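Please find below my notes on this model.

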Amino acid sequence: MLAAAAPVDFVTEVKPILEQNCVSCHNAQKAKENGKFRLDVKSEAFKPHKKDNTINPGHPEDSLVYLNTQLPLSDDSHMPPKQRDQLSKAQTETLKRWIAEGANWPEGVTLKTVQRINFVRDIQPILENGGPLEAKAKDTLKLWLEQGAPWPDGLKIGGVKGGGEKPAAVAAGQTVDFVSNVKPILEAGGPLDEASKATLKLWVEQGAKWPDGVTIGVNKKAALINDIYKKILANSKEQTEAEMKAYTNTIPDTKVTYAMVPIPGGEFVMGSPSSEPGRNADEGPQHKVKIEPFWMEQCEVTWNEYELFMYPDENKPAPPTDGTTNYTSDLADAVSRPTKPYTEMSFGMGKDGYPAISMTQHGCNIYCQWLSAKTGHFYRLPTEAEWEYACRAGTTTAYFFGNDPKDLGDYAWFAENSDSKYQKVGTKKPNPWGLYDIIGNVDQWTLDQYDPDYYKTFTGTVTEPWNKATQPYPHVVRGGSWQDDADKLRSACRRGSTPDWKVQDPQLPKSVWYHTDAPFVGFRIIRPLKTPTAAEMEKYWHSGVEKD
């Protein structure tokens, strides 16, 4: 006779399911927008509702926490939402059994939001990129191990064939050696046995030391960037500033075009004088900056351009048009793409000919990598200094047209004339260097970390300054937007991004692709005359701090 199954334990079996999949939306802060259902505390989770019960002890068929997991994925009430990782059959059965057994929830046990680790999204990039590991990567590995270290069957890292014999577990108290103890486990792939999990846990507890230069198979990211670099180098024609001309290019295999205008090299005074009306303290002290020549996109990147990157599977190839390169899209197809957004990202303001908005700085960086692979030209975001230099276009006044904002409406969309939404690009007058909407319409991302005291670090003339990011926030955006007052559109005005730009994002971890609460931010691209090395390209496209 088979022994009866042990009762479901709330703390070890149910609590992790709810914390990793439900509590991020169903908590005290977000209950109002999610049906007023809360799952963070027992009293709220068991509270009767007029029509539905979140949890009805003894009746899983009358408990939304289980019932909604059984709805078709296309149903808006399906939980978790279809854009998030779904529960396994074993997890839904655990919920069902727990409720059927009476839904025992020990008194005093409260739930918190816990990131649910996805191996492909969260762990595979860490293992493929190699060491040394940063603190955030170590924390992610620790959380993955705490969640049972799931590893999809047959998935190998970096092209390693695997199949080798895994080493025996390291005894407690013994120092774990990466090369002899950990590397063979990672090369063998999953699923992991208990001995392998024990070794990895001990390795993480000892600091997850990963020797510099030691990789698991091929570093796919570095290999891809190196291949893109070779294509760009072979495609580069202009060598001097005198050869730089304005050009319009068609994105290969599409009919979508974008225009680039040359920006001459030179020096300028960055920041604003203390006497400038509307000036902020972070705009000083003024300092001289030297800038190398580059091309800048004539207008802000539009949805027409950006959605080719967002939705690659939905674009039907069009016959090649004049202006395309002979460069194939094989490398572009290998560049990672955004996950599909959970909401319509133009927020009803229009798409055809309108600026793309609400993407993260990381999204812009990877778009630049994708477009570089697609066209054979190197593209990236401008630094903050490059942006202000191009915006000023040789002028020293508050705006590139003068100091008086009375003429601002001729050049920009802002709070007074935008009708509370962004407008089509290129419909106002350009600045002296031919850049449209360089101020107003939407804020524009730059490469720099925002530091209100950054300018204080300079003495003398600075060449090509770039405040490289060391944390996810804040990053600099420039130019002001359709919802800003005139003083925010001054050439020297600075702004830093904040986590509030993602406050309504229901995903955990927060999306690295979208700022759902920033419908005012977009970007434009540049192409430096001097082609950087492959290692420099990687630094421009991958900041390493994209995750919140």
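The numbered points below take these topics in turn.

1. Basis. This is a predicted model, with local features needing pLDDT of at least 70 and side-chain atom pairs counting only at pLDDT 80 or more, while totals for chains, interfaces and linings use all residues. Residues are numbered from 1 along each chain as its sequence is written, and side-chain values use heavy atoms, with hydrogens and water left out.

2. Helices α1 and α4. Helices (H or I, at least four residues) and strands (E, at least two) are DSSP runs, numbered from the N terminus. Helix α1 (residues 10-21) packs on helix α4 (residues 89-100) at about 120°, the axes being 10 Å apart. Axes are lines fitted to C-alpha atoms, for helices over the stretch in contact, and angles run from 0 to 180 degrees between N-to-C directions. The pair α1 and α4 is therefore oblique (under 35 degrees is roughly parallel, over 145 roughly antiparallel, 65 to 115 roughly perpendicular, and the rest oblique). Their crossing is left-handed, a term for a near helix turned anticlockwise from the far one by less than a right angle. From α1, Phe 10, Glu 13, Val 14, Ile 17 and Leu 18 meet Gln 91, Thr 94, Leu 95 and Trp 98 of α4; contact means heavy atoms within 4.5 Å. By class, this contact has 6 nonpolar, 2 polar and 1 charged residues. Here Ala, Val, Leu, Ile, Met, Phe, Trp, Tyr, Cys and Pro count as nonpolar, Asp, Glu, Lys and Arg as charged, and the others, Gly among them, as polar.

3. Helices α5 and α6. The axes of α5 (residues 119-129) and α6 (residues 135-146) come within 10 Å and cross at roughly 130°, which makes α5 oblique to α6. The crossing is left-handed. On α5 the contact uses Phe 119, Asp 122, Ile 123, Ile 126 and Leu 127, and on α6 Ala 137, Thr 140, Leu 141 and Trp 144. These divide into 7 nonpolar, 1 polar and 1 charged. In the loop between α5 and α6 sits Pro 132, and the peptide bond from Gly 131 to Pro 132 is cis, with omega near -5°.

4. Helices α7 and α8. Helix α7 (residues 178-188) and α8 pack at about 130° with axes 10 Å apart, and are therefore oblique to each other. This crossing, too, is left-handed. Phe 178, Asn 181, Val 182, Ile 185 and Leu 186 in α7 meet Ser 196, Thr 199, Leu 200 and Trp 203 in α8. The contact has 6 nonpolar, 3 polar and no charged residues.

5. Other backbone points. Most residues other than glycine have a negative phi, and most peptide bonds are trans. Ala 208, not a glycine, has a positive phi of about 50°; Ala 208 is in the loop between α8 (194-205) and α9 (220-235). Tyr 473 and Pro 474 are joined by a cis peptide bond with omega about -10°, and Pro 474 lies in the loop between β7 (462-463) and β8 (475-478).

6. Cavities. A cavity is a set of points on a 1 Å grid over the protein atoms alone where a 1.4 Å probe fits but cannot get out, and lining residues have an atom within 4 Å of a point. Grid points are joined across faces, edges and corners, and a volume is the space filled by probe spheres set on the points. There are 4 cavities of 30 Å³ or more. The largest cavity holds about 120 Å³. Of its 15 lining residues, Thr 360, Gln 361, Pro 472, His 475 and Glu 546 are the closest to its centre.

Definitions and conventions
On a 1 Å grid over the protein atoms alone, a cavity is a set of points where a 1.4 Å probe fits but cannot get out, and a pocket is an open set with protein on both sides within 12 Å along at least five of seven lines; lining residues have an atom within 4 Å of a point.
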